[in-house]
Amino acid sequence: MTPRLKAPAPRTLVVGPLVYEIHVDADALGKACREQGSNLFGACDHPALRIVIDPELAPGQGRETLLHEALHPLTNIVGLADEWGEQL
């Protein structure tokens, strides 16, 4: 199945000294959904330095989801993950 995102997603996201790989991948997202017990548009795996996005999202939703997932490592690196975790 061809991803619906019109512009290619970036392959990496650099957050301070960390480089997260970005994958637009239904199988990887399905695995993250099963592990977290929820239905997700995207997921951020901090230990693996990996962000996955649902390839079936409309272009605007895909960009919004990537921005949302990018906030997780940003809040993590500046020490706000505990305060903002449930709000993201």
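Colleague: Is V78 buried or exposed?

Modeller: Buried means under 20% relative accessible area, exposed over 50%, and partly exposed in between (1.4 Å probe, protein chains only). V78 has a relative accessible area of 57%, so V78 is exposed. This is a predicted model, in which local features need pLDDT of at least 70, side-chain atom pairs count only at pLDDT 80 or more, and totals for chains, interfaces and linings use all residues. Residues are numbered from 1 along each chain as its sequence is written, and side-chain values use heavy atoms, with hydrogens and water left out.

Colleague: Where is V78 placed?

Modeller: Helices (H or I, at least four residues) and strands (E, at least two) are DSSP runs, numbered from the N terminus. V78 lies in the loop between helix 2 (59-77) and helix 3 (81-84).

Colleague: Which residues make up the largest nonpolar core?

Modeller: In soluble globular proteins, nonpolar side chains tend to be buried together. A nonpolar core is a set of buried Ala, Val, Leu, Ile, Met, Phe, Trp, Tyr and Cys residues joined through side-chain atoms within 4.5 Å. Here the largest has eight residues: V15, Y20, I22, C44, I51, I53, L57 and L66. A second, separate core of seven residues includes A32, C33, L40 and A43.

Colleague: How many disulfides are found?

Modeller: A disulfide is a pair of cysteine sulfur atoms within 2.5 Å. The search of the whole structure finds zero. C44 is buried, with a relative accessible area of 15%.
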